[in-house]
Amino acid sequence: MHSYNGKVAMTCVIFIFGLVFSPQTLGYSVLPQHKNGRATTVSSTPIQQTKSHDSRRGFLTSAAVQSATFLSILLPVTATAASAFDNRLDDKYADALATTGAQPKDLGVATRKSRTEGSYVGLKMCGNSPNCLASSNPVADLPVRTIAGWNGGSIKDVKKVIDTYEVGHDDIDGGGFKVVEYDEKEKYIYVQFQSYKAGYIDDFECWYNPKSGLFDVRSSSRVGYSDLGVNNLRLEYIAGRLEKEFKWTFERRRNGSLA
């Protein structure tokens, strides 16, 4: 964390230096020279100075506004950088700025809109980007992102697999994981998984659906478009262990994969 604090301090110094010695504060205006509608070169021309107290007032006002903006951006990032999971592979990238993304506010079990059946009760349906897989919604709503529910015995089985989850398997989830919510009575679990270097966080949920008699699952990335198959690899790992250790069964596609 000391290295991160050092980077923050250096960033602040560079920011203040650039603010104090910018062309505007030194009395120059940067004017682009245009050629065929495109800016090609840059020249500086002196600015006519007004009264000294007006210049100082304008500079201090500008500095205050820019500093406030800078700090408002920096502080949330600082909090994110300190949130590395304790069970990550190692501390090599623990101090790096993590691109975690915002935690979705609509996770969990709820009555949701269906494109083909009006509504359904279950986990959130995936969006159009290929970085999510889910099983609650009707297949016809989004065939390419929808997988079959899992046939198993107890949510306790899922919790046991998660508790002994191998971080870094298949070169994924090296940043560790955290069980955010586990409700044995409601047969629901919510886990966050983090990537090793960039700190991306994916959300995983599993819930027993009394209507279908199967366990619905959802694994989704928060940011970006493609996940390079990470969510599928995560589900395959969890399903493989449930199948081997607790005799769960799964409906797979012709190629043998869940998705």
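## Second largest pocket

Strand 4 makes the largest contribution to the lining of the second largest pocket, giving 3 residues. The model is a predicted one. Strand 4 covers residues 118-122, and along with strand 8 and strand 9 it is among the elements that each supply at least two residues of this lining.

The second largest pocket has a volume of about 330 Å³. Its lining consists of 20 residues, and those nearest the centre are Ser136, Asn209, Lys211, Ser212 and Asp216.

## Largest pocket

The volume of the largest pocket is about 480 Å³. It is lined by 25 residues, with Ser195, Tyr196, Tyr200, Asp227 and Val230 nearest its centre. Strand 7, strand 8 and helix 4 are the elements that give two or more residues to this lining.

Helix 4 provides the largest share of the lining of the largest pocket, at 3 residues. The lining divides into 11 nonpolar, 7 polar and 7 charged residues.

## Helix 4

Helix 4 runs over residues 230-246, a total of 17 residues. After helix 4 comes Lys247, which has a positive phi, near 65°.

The buried residues of helix 4 are Val230, Asn231, Arg234, Leu235, Tyr237, Ile238, Ala239, Arg241 and Leu242. Val230 is also one of the residues nearest the centre of the largest pocket. The cover over the buried residues of helix 4 includes strand 5 (132-134), helix 3 (155-163), strand 7 (188-194), strand 8 (201-209) and strand 9 (214-221).

## Cysteines

The structure holds 1 disulfide. It links Cys126 with Cys132, at an S to S distance of 2.0 Å. A disulfide is a covalent bond between the sulfur atoms of two cysteines. The link of Cys126 and Cys132 is left-handed, with -70° about the S-S bond. Both Cys126 and Cys132 are buried.

Cys206 has a relative accessibility of 0%, and therefore counts as buried, the cut-off being under 20%.

## Lys178

Lys178 belongs to strand 6, which spans residues 177-183. Is Lys178 buried, exposed or partly exposed? Its relative accessible area is 45%, so Lys178 is partly exposed; that class lies between the buried limit of 20% and the exposed limit of 50%.

Leaving aside residues up to four places away in sequence, Lys178 touches Phe85, Tyr190, Val191 and Gln192. Asp163 is 15 residues from Lys178 along the chain, and the C-alpha atoms of Lys178 and Asp163 are separated by 9.3 Å.

## Overall fold

The secondary structure comprises 4 helices and 9 strands. Starting at the N terminus, the order of the elements is α-β-β-α-β-β-β-α-β-β-β-β-α.

The protein has 259 residues, of which 35% count as buried. Among contacts with a separation of 6 or more, 50% are between residues 24 or more positions apart.

How values were computed: Residues numbered from 1 in each chain as written. Predicted model: local features only at pLDDT ≥ 70, side-chain atom pairs only at ≥ 80, totals over all residues. Heavy atoms only, no water. Expected span 1.5 Å × (residues − 1). Buried < 20%, exposed > 50% of the residue type's maximum accessible area, 1.4 Å probe, protein only. Contact = heavy atoms within 4.5 Å. Disulfide = S-S within 2.5 Å. 1 Å grid on protein atoms, 1.4 Å probe; cavity = no way out; pocket = protein on both sides within 12 Å on 5 of 7 lines; lining within 4 Å. Points joined across faces, edges and corners; volume = space filled by probe spheres on them. Nonpolar A, V, L, I, M, F, W, Y, C, P; charged D, E, K, R; others polar.
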